Amino acid sequence: MTDKITLYTYFRSSCSARLRIALNLKSLAYTPIAINLLQGEQLAPENRARNPSATVPTLIIERASTTVRITQSLAALEYLDEAFPDAPHKLLPEASNPEARATVRTLAAIIACDVQPVTNLRILKRVAPFGVDRGAWSKDLIEDGFRAYEAIIQDTAGTFSVGDAITMADVCLLPAVWGAVRSGVDMTAFPTIQRVADRLETEDAVKKAHWTTQDDTPDDLRKSL
């Protein structure tokens, strides 16, 4: 039985984009099913049943002996490395280099824990009643996270964030850069991040995963491959 992979996604969800990029890098065919966050489809009972956090992404893999459902993107990225060892492109450095693996995980966590949450629609709605400028609040915190990321990769970057291969760190970074640009972050303050992001944009796996090329991207925002 061929594994059947389904990804519940949203075109502008950075967490969903991480998985789209990773699946493309690994040449794993998948079926995307759009969940419109602006229309509140993530809150529908059927989505809550598959994802108790009422979010995206949800990765479902139907295998010969079991069905796997993962609702957190970092866990899903590591699962793809472990469950498909013969697929091309490892997202973590080899086990023989635990230091590099720790650096990749650290960078991914900076994006997932420090940067992405402040761009989350659910979080932005929660801070609005406090009278803050949601855009400025989010932008400042994104910049804080990027400063930390930039400081680390000044010592570790080659072509990409850690050496010359795309890792889980890069898969998390690029969608965050897309969000940062929309939030008005001046990327010239982060030259190493910008260099890595520019290089990532040239990858076919990224172009296919880009928020402007998805089936649910509105026509006025769509770009063709």
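Helices α3 and α7 cross with a right-handed sense in this predicted model. Helix α3 covers residues 73–83 and helix α7 covers residues 168–182. The two helices belong to a protein chain whose secondary structure consists of nine helices and four strands.

**How α3 and α7 pack**

- The angle between α3 and α7 is about 140 degrees, and their axes lie 11 Å apart.
- On the α3 side, the residues in the contact are L74, L77 and E78.
- On the α7 side, M168, V171 and C172 meet them.
- Sorted by class, this contact holds five nonpolar residues, one charged residue and no polar residues.

**Helix α7 on its own**

- Helix α7 has 15 residues, and at 1.5 Å a residue they should span 21 Å.
- Most of α7 is covered, since 13 of its 15 residues are buried.
- After α7 comes G184, which has a positive phi, near 85 degrees.

**The chain as a whole**

- Read from the N terminus, the order of elements in the protein chain is β-α-β-α-β-β-α-α-α-α-α-α-α.
- The radius of gyration of the protein chain is 17 Å, and the globule rule gives 17 Å for 225 residues, so the chain is as compact as a globular protein of that length.
- Of the 225 residues in the protein chain, 48% are buried.
- Among contacts in the protein chain with a separation of 6 or more, 61% are between residues 24 or more positions apart.

- T6 sits in strand β1, which runs over residues 4–9.
- The relative accessibility of T6 is 8%, so T6 counts as buried, because the cut-off for buried is under 20%.
- Leaving out residues up to four places away in sequence, T6 touches T31, I33, T58, L59 and I60.

Methods
Residues numbered from 1 in each chain as written. Predicted model: local features only at pLDDT ≥ 70, side-chain atom pairs only at ≥ 80, totals over all residues. Heavy atoms only, no water. Axes fitted to C-alpha atoms, helices over the stretch in contact; angles between N-to-C directions. Left-handed = near helix turned anticlockwise from the far one by under 90°. Contact = heavy atoms within 4.5 Å. Nonpolar A, V, L, I, M, F, W, Y, C, P; charged D, E, K, R; others polar. Expected span 1.5 Å × (residues − 1). Buried < 20%, exposed > 50% of the residue type's maximum accessible area, 1.4 Å probe, protein only. Rg over C-alpha atoms; globule rule 2.2 N^0.38 Å.
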